[in-house]
Amino acid sequence: MRHKIKTNRFGRFSSYRKATLNSLVRALILSESIKTTHDKAKACASIVEHLITLAKRQTLTARRQANKTLCDHRLVKRLFTETASLFKDKNSGYTRVLKLGFRRGDGAQMAILELTEKSVKPKKQKHSAVSLPHPAHPEEKPHAHKVEEKPKAPEKKEPSKKFFGGLRGFFKKERDSL
């Protein structure tokens with residue numbers, strides 16, 4: 001009997017299960033939101049909660065323990081600098097699991113696993129293609145760049161080999177070896 005054993009095995013060997021969860025954790029730290037099955041999201045959420053709690057400690061031992069799961073020094077650095085700073089005032093509740101719907105292929109319950117706090121990335125400003133006149137010289141008008149397009153005739157390329165041409169040589173060699 002399996003009393004008090006809460007590990008979801010996902011129908012995999014223990015090493016495959018651990019690799020699957022570790023890759024989900026890495027993806028969540030990189031993108032801050034992932035789409036996966038509900039069961040995998042629940043299992044991954046507990047690992048991420050533990051890692052963020054480790055990252056808030058800011059000790060060498062905590063970094064080494066996080067590196068066991070993440071297996072990447074750059075991700076550990078990102079976890080300890082960016083992600084841990086987002087949750088410095090919280091004690092728990094770093095992730096949320098939002099149910100989506102059922103997957104069409106096999107009917108599995110899908111979910112979005114995301115961090116509750118997200119880092120704010122500055123948006124790039126788009127530059128207009130037309131230059132505006134300088135305020136000191138109002139008489140100047142913006143210049144529109146004119147690009148002359150020449151119609152090109154489509155080039156016809158002959159195939160270098162016919163489809164069966166390469167296979168004939170293969171079968172000929174096989175036949176000669178007998």
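**View 1. One cavity in a predicted model.** The structure holds one cavity of 30 Å³ or more. The model shown here and in every view below is predicted. About 30 Å³ of space lies in this largest cavity. Its lining is made by Ile29, Glu32, Arg78, Glu82, Thr83, Leu86 and Ser119. Which helix gives the most to the lining? Helix H4 does, with four residues. Rolling a probe the size of a water molecule over the atoms shows where empty space is left.

**View 2. The largest pocket, lined by residues from H1 and H2.** About 320 Å³ of space lies in the largest pocket. Lys6, Thr7, Asn8, Arg17, Leu21, Asp39, Lys42, Ala43, Ser46 and Ile47 line this pocket. H1 and H2 each supply at least two residues of the lining. H2 gives the most, with five residues.

**View 3. Helix H2 and its buried residues.** H2 covers residues 38-57, which makes 20 residues. At 1.5 Å a residue the helix should span 28 Å, and its end C-alpha atoms are 29 Å apart, so the two values agree. Which residues of H2 are buried? They are His38, Lys40, Ala41, Cys44, Ala45, Val48, Glu49, Leu51, Ile52, Leu54 and Ala55. An α-helix has 3.6 residues a turn, so residues three or four places apart point the same way. After H2 comes glutamine 58, with a positive phi near 60 degrees.

**View 4. The largest nonpolar core.** This core has 28 residues. Leu51, Leu70 and Leu79 are those with the most contacts inside it. H1, H2, H3, H4 and S3 each supply at least two of its residues. H2 gives the most, with eight residues. What does leucine 51 touch, apart from its neighbours within four places in sequence? Its contacts are Val25, Ile29, Ala66, Thr69, Leu70 and Leu79.

**View 5. Leucine 79 in helix H4.** Leucine 79 sits in H4, which runs over residues 73-86. Is leucine 79 buried or exposed? Its relative accessibility is 1%, so leucine 79 counts as buried. Leaving aside neighbours within four places in sequence, leucine 79 is in contact with Ile29, Leu51, Ile52, Ala55, Ala66, Leu70 and Ala84. Isoleucine 29 is 50 residues away in sequence, but the two C-alpha atoms are 7.0 Å apart in space. Isoleucine 29 is also one of the residues that line the largest cavity.

**View 6. Strand S3 between its two partners.** S3 pairs with S1 and with S2. S1 and S3 run antiparallel and are joined by five bridges. In this pairing, serine 33 stands opposite glutamate 114 of S3. S2 and S3 also run antiparallel, and six bridges join them. Here valine 97 has leucine 113 of S3 as its bridge partner. How many of the seven residues of S3 are buried? Five are, and the strand is mostly covered. In a regular strand the side chains alternate between the two faces of the sheet.

**View 7. The S2-S3 hairpin and arginine 103.** S2 and S3 form a hairpin with six residues between them. Glycine 107 lies in the turn and has a positive phi of about 80 degrees. Arginine 103 is in the loop between S2 and S3. Its relative accessibility is 36%, so arginine 103 counts as partly exposed. Not counting residues up to four places away in sequence, arginine 103 touches Thr37, Ala108 and Met110. Threonine 37 is 66 residues from arginine 103 along the chain, and their C-alpha atoms are separated by 8.7 Å.

View 8. Phenylalanine 10 is found in the segment before H1. Its phi is near 55 degrees, a positive value in a residue other than glycine. At 19% relative accessibility, under the 20% limit, phenylalanine 10 counts as buried. Cysteine 71 lies in the loop between H3 and H4. Its phi is positive, about 55 degrees, although cysteine 71 is not a glycine. Is cysteine 71 buried or exposed? Cysteine 71 has 55% relative accessibility, so it counts as exposed.

Conventions. Residues numbered from 1 in each chain as written. Predicted model: local features only at pLDDT ≥ 70, side-chain atom pairs only at ≥ 80, totals over all residues. Heavy atoms only, no water. Buried < 20%, exposed > 50% of the residue type's maximum accessible area, 1.4 Å probe, protein only. Contact = heavy atoms within 4.5 Å. Expected span 1.5 Å × (residues − 1). Pairing = 2+ DSSP bridges. Core = buried A, V, L, I, M, F, W, Y, C linked by side-chain atoms within 4.5 Å. 1 Å grid on protein atoms, 1.4 Å probe; cavity = no way out; pocket = protein on both sides within 12 Å on 5 of 7 lines; lining within 4 Å. Points joined across faces, edges and corners; volume = space filled by probe spheres on them.
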